[in-house]
Structures are given as C-alpha cells and as structure tokens.
Amino acid sequence: MMLSRIPAAVCPHLSVAQLSTLPKRPSNSYIHYVSDNFPLVKAKHPPNTPGKDIMRSLGATWKLLPAGKKAVYQQKALVQTKKYDNFFRTASLQVLFETENKKEKKYVMKRFEDLGRLPKRPPISGYALFISRQKGNSKLSAPENLKLFAQNYQKLSEIEKTGLIEEVRIMKESYEERMHQLLNP
C-alpha cells in the first residue's frame with residue numbers, strides 16, 4: 001500500500017515549521033562533554049595540534065572523570081533524548097509526508113514504528129520471515145549464519161514453506177488494514 005497524505009484532522013497539531021524540520025538526533029553524554037571541553041583542551045595544546053590528538057586527550061580525561069561529573073553530561077544527554085522522543089510522540093504523522101529525503105523518511109517511519117504509532121512492516125517473503133525467526137550462532141560471522149539459515153530453509157518441506165508464505169500474506173493484509181485505518185479515519 002502506498003502512503004498518501006494523512007488528513008490534518010487525524011493528527012495532533014504542530015506548526016508548519018515543526019513539521020518541516022526534524023530535530024537532530026540526541027547526542028550522548030560523551031559528545032556533550034567534548035563539546036563543552038574541546039575549546040579548553042585545545043587552548044592547552046600548541047596551536048597546530050591535530051584535532052585527533054585533542055580528541056585522544058579528551059577521551060583519556062573522560063575515562064578518568066569521576067561518576068559525579070559524568071552525571072552532569074549524562075543528564076544533558078537524557079534531557080535531549082527525552083525532548084527528541086517527545087517530538088516523535090507528539091508530532092503529526094504528516095511529518096512522514098513532509099520529509100523529502102528517502103533516508104530520513106525511512107528513519108522517521110522507523111521511529112514512529114518503534115513508538116507504536118505505526119504498525120511494524122511485515123516481512124516481504126516467507127524466506128524473510130523464516131530468517132527473522134532464526135537465532136544466530138555467536139561463533140559464526142553474519143554471512144556464515146545467513147548461509148546456514150539458507151541451508152535450513154532449503155531443508156523445509158513445501159508445506160512448511162507454504163505456511164510461511166501464507167503467514168506473511170496474513171501479516172501484510174493486517175498491516176495494510178491498520179495503515180488504511182490510520183490514513184482514512
């Protein structure tokens with residue numbers, strides 16, 4: 001099902017400016033520490049010191065920073081993360097259609113899915129459903145695990161494969177029905 005514009009009546013109201021500009025992803029506590037301390041550490045080094053050396057110095061001081069001082073930066077990160085999550089909890093689903101960048105749109109859709117505001121997309125095939133249910137061997141690399149999964153899938157009977165395909169069909173119908181309900185209240 002192709003997504004189309006969501007009627008404004010369905011969505012909580014946010015300004016056009018809020019709809020057209022997505023917030024930046026929140027920074028972690030270390031990034032807050034670096035942004036606050038980079039100029040200070042840079043001033044302590046000779047003028048032509050490469051940035052990577054300054055970053056190494058910051059990394060070393062971060063590791064030695066007492067938990068109480070780290071807590072300040074962790075709190076900043078937590079506040080920023082809450083604001084970010086709140087944006088996606090309160091933003092209109094219209095944000096999906098205002099976002100033109102495909103990569104960004106995919107990310108926004110994933111955020112809405114993770115928050116339960118959109119249903120999760122179903123697997124595209126019975127094989128994909130089978131793979132999603134497999135537990136990988138931690139001693140094997142990802143490609144080796146996938147090869148093993150493919151071999152296990154080939155060993156399935158036609159009845160088992162048909163059952164997976166039917167399950168995907170039902171999942172897709174349920175997904176499309178839910179999306180239709182969201183788009184056409």
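Modeller: A helix axis here is a line fitted to C-alpha atoms over the stretch in contact, and angles run from 0 to 180 degrees between N-to-C directions. This is a predicted model. In it, α4 and α6 pack at about 85 degrees, with their axes 10 Å apart.

Colleague: Thanks! What makes α4 and α6 roughly perpendicular to each other?

Modeller: The class roughly perpendicular covers 65 to 115 degrees. The angle between α4 and α6 is about 85 degrees, so these two helices are roughly perpendicular.

Colleague: Which residues make that contact?

Modeller: Tyr 84, Asp 85 and Phe 88 come from α4, while Tyr 107, Val 108, Arg 111 and Phe 112 come from α6. By class, five are nonpolar, two are charged and none is polar.

Colleague: Why are α2 and α4 called roughly perpendicular?

Modeller: The axes of α2 (residues 29-44) and α4 (residues 67-90) cross at roughly 115 degrees and come within 8 Å. The roughly perpendicular range is 65 to 115 degrees, and α2 and α4 are therefore put in that class. Their crossing is right-handed. On the α2 side the contact includes His 32 and Asp 36, and on the α4 side Gln 74 and Lys 76 are among the residues. Five polar residues take part, with three nonpolar and two charged ones.

Colleague: And what makes α2 oblique to α3?

Modeller: Helix α3 spans residues 51-64, and its axis crosses that of α2 at roughly 120 degrees, coming within 10 Å. Roughly perpendicular ends at 115 and roughly antiparallel means over 145, so α2 is oblique to α3. This crossing, too, is right-handed. Tyr 33, Phe 38 and Val 41 of α2 are among the residues in contact, as are Met 55, Leu 58 and Trp 62 of α3. The classes here are nine nonpolar, five polar and one charged.

Colleague: Let's turn to the pockets. How do you know that Tyr 107 lines the second largest pocket?

Modeller: A lining residue has an atom within 4 Å of a pocket point. Tyr 107 is listed in that lining, along with Leu 22, Pro 23, Lys 24, Arg 25, Tyr 84, Phe 88, Glu 104 and Val 108. The elements giving two or more residues are α4 and α6 (102-114), and α6 has the largest share, three residues. The space in the pocket is about 170 Å³.

Colleague: How many of the lining residues are nonpolar, and how many charged?

Modeller: Six are nonpolar and three are charged, with no polar residues.

How values were computed:
Residues are numbered from 1 along each chain as its sequence is written. This is a predicted model: local features need pLDDT of at least 70, side-chain atom pairs count only at pLDDT 80 or more; totals for chains, interfaces and linings use all residues. Side-chain values use heavy atoms; hydrogens and water are left out. Helices (H or I, at least four residues) and strands (E, at least two) are DSSP runs, numbered from the N terminus. Angles under 35 degrees count as roughly parallel, over 145 as roughly antiparallel, 65 to 115 as roughly perpendicular and the rest as oblique. A crossing is left-handed if the near helix is turned anticlockwise from the far one by less than a right angle, and right-handed if clockwise. Contact means heavy atoms within 4.5 Å. Ala, Val, Leu, Ile, Met, Phe, Trp, Tyr, Cys and Pro count as nonpolar, Asp, Glu, Lys and Arg as charged, and the others, Gly among them, as polar. On a 1 Å grid over the protein atoms alone, a cavity is a set of points where a 1.4 Å probe fits but cannot get out, and a pocket is an open set with protein on both sides within 12 Å along at least five of seven lines; lining residues have an atom within 4 Å of a point. Grid points are joined across faces, edges and corners, and a volume is the space filled by probe spheres set on the points.
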